[in-house]
Amino acid sequence: MADVNTASAAFLATIPSPDQGVWHIGPIPIRAYALCIIAGIIVAIWLGERRWVNRGGTKGTVIDVAVFAVPFGLVGGRLYHVITDNQLYFGEGKNPLNALKIWDGGLGIWGAIALGAVGALIACRRRGIPLPAMADALAPGIVIAQAIGRLGNYFNQELYGAHTDLPWGLEIYQRYNPTNPDDFLNGVAIGHVPLPDSPVHPTFLYELLWNLGVALLVIWADKKFRLGHGRVFALYVAGYTAGRFWIEMMRTDTANHILGLRVNVWTSILLFAAAIAYFVLAAKRGPREAPETLWSKDVPREDADSDSASASASTDSGESHAEVAAAPDTVRDSAADKATEDPKPDAEK
């Protein structure tokens, strides 16, 4: 009886995995991974829009940029995954067409950022606004979206580490798919039969928590030091890659190696160094971009002024959101200047 109680206590101390990651409504599959990606995109756009307006940009610009950046990013993320893990899709016994099945999981963040930036650049040029400023506005939302996306890995029961006896170890189960015994991703755990290495390190959870910490760091640093010219985005890249380095070293999923290290470890090292270099060098470009440089060329200045005034009003109303509370100093300074100006009409205004 004592052994049973001990085993039961050990099981209760671990994190259980979901029984499945795919549900069907008739012939339509509802995939948790896809829902997490969509939720992350929505949060990134919402937060990015608030930050952009608070920095002096025109309302609606982030949504216009997302129309280009999101599809580019999804394609780029899938390309990066297929290239760096090509053994999963090419070779003897593999089906190359599976590389197109993005709904089965497999998106590389750096491919998504790279091609997503191309899409964002196209949109920014159409609007006549600087890409670095847009990247700064989007940075915290992007890393929060990555955190949400990691929940998809939890439902897919993937990207975990080695066996562990720690209390927060993740229980992983055998899943069965009667129509295709080799397709565990679309299977269902019956009876909670653990896999041999269970419980394991929940590396997806480590990255999720790390990403949320990076988001808080970026928002705090941006508010305190009034970062601009892409330095917020560089701080995000440096913070994320610092965590991804050690988390990647813990993962046990199949990956290609270079000189004994996983490809994503090398990517993290190189991007961390590049981000730090950019963060330091970009400081020479001076203070944060002036609000007037963020106005879209196809929006009348009067409308842009109205957007900035709305952002200031939201701040004055005492909204609790961190980004609204951190409205740019240029907006507050402008309001203060107007309060001390001569009330007489000025013909040059």
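**Chatting through a predicted model**

Q: Hi! Let's start with Pro71: what is its relative accessible area?
A: Pro71 has a relative accessible area of 39%, so Pro71 counts as partly exposed. Buried means under 20% relative accessible area, exposed means over 50%, and partly exposed is in between, using a 1.4 Å probe and protein chains only.

Q: Before we go on, what am I looking at?
A: This is a predicted model, in which local features need pLDDT of at least 70 and side-chain atom pairs count only at pLDDT 80 or more, while totals for chains, interfaces and linings use all residues. Residues are numbered from 1 along each chain as its sequence is written, and side-chain values use heavy atoms, with hydrogens and water left out.

Q: Thanks. Where is Pro71 placed?
A: Pro71 belongs to helix H3, which covers residues 61-84. Helices (H or I, at least four residues) and strands (E, at least two) are DSSP runs numbered from the N terminus. The C-alpha atom of Pro71 is 8.9 Å from that of Leu115, and 44 residues separate the two along the chain.

Q: How many helices and strands does the protein have?
A: There are 11 helices and 6 strands. Of the 349 residues, 44% count as buried.

Q: What is the mean pLDDT?
A: The mean is 85, and 82% of the residues reach 70 or more. pLDDT is the predictor's confidence in each residue, from 0 to 100.

Q: And where does pLDDT stay under 50?
A: Residues 1-11 are one such stretch, with 2 contacts beyond four places in sequence. Residues 311-349 are another, with 34 contacts of that kind. Contact means heavy atoms within 4.5 Å.

Q: New topic: which residues have the most contacts inside the largest nonpolar core?
A: They are Ile109, Trp110, Ile113, Val218, Phe233, Tyr236 and Val237, in a core of 23 residues. Helices H4, H5, H6, H7 and H8 each supply at least two residues of this core, and H7 gives the most, with 7 residues. A nonpolar core is a set of buried Ala, Val, Leu, Ile, Met, Phe, Trp, Tyr and Cys residues joined through side-chain atoms within 4.5 Å.

Q: What is Tyr236 in contact with?
A: Beyond its neighbours within four places in sequence, Tyr236 contacts Ile109, Ile113, Ala139, Ile142, Val143, Gln146, Val214 and Val218. Another core, of 13 residues, lies apart from the largest one and includes Ala69, Ala133, Ala137 and Leu138.

Q: How about Ala145, buried or exposed?
A: Ala145 is buried, because its relative accessible area is 17%. Ala145 lies in helix H5 and, leaving aside neighbours within four places in sequence, contacts Gly40, Ile41 and Ala44.

Q: Cysteines next: how many disulfides are there?
A: The count is 0 disulfides, where a disulfide is a pair of cysteine sulfur atoms within 2.5 Å. Cys36 is buried at 10% relative accessible area, and Cys124 is buried at 1%.
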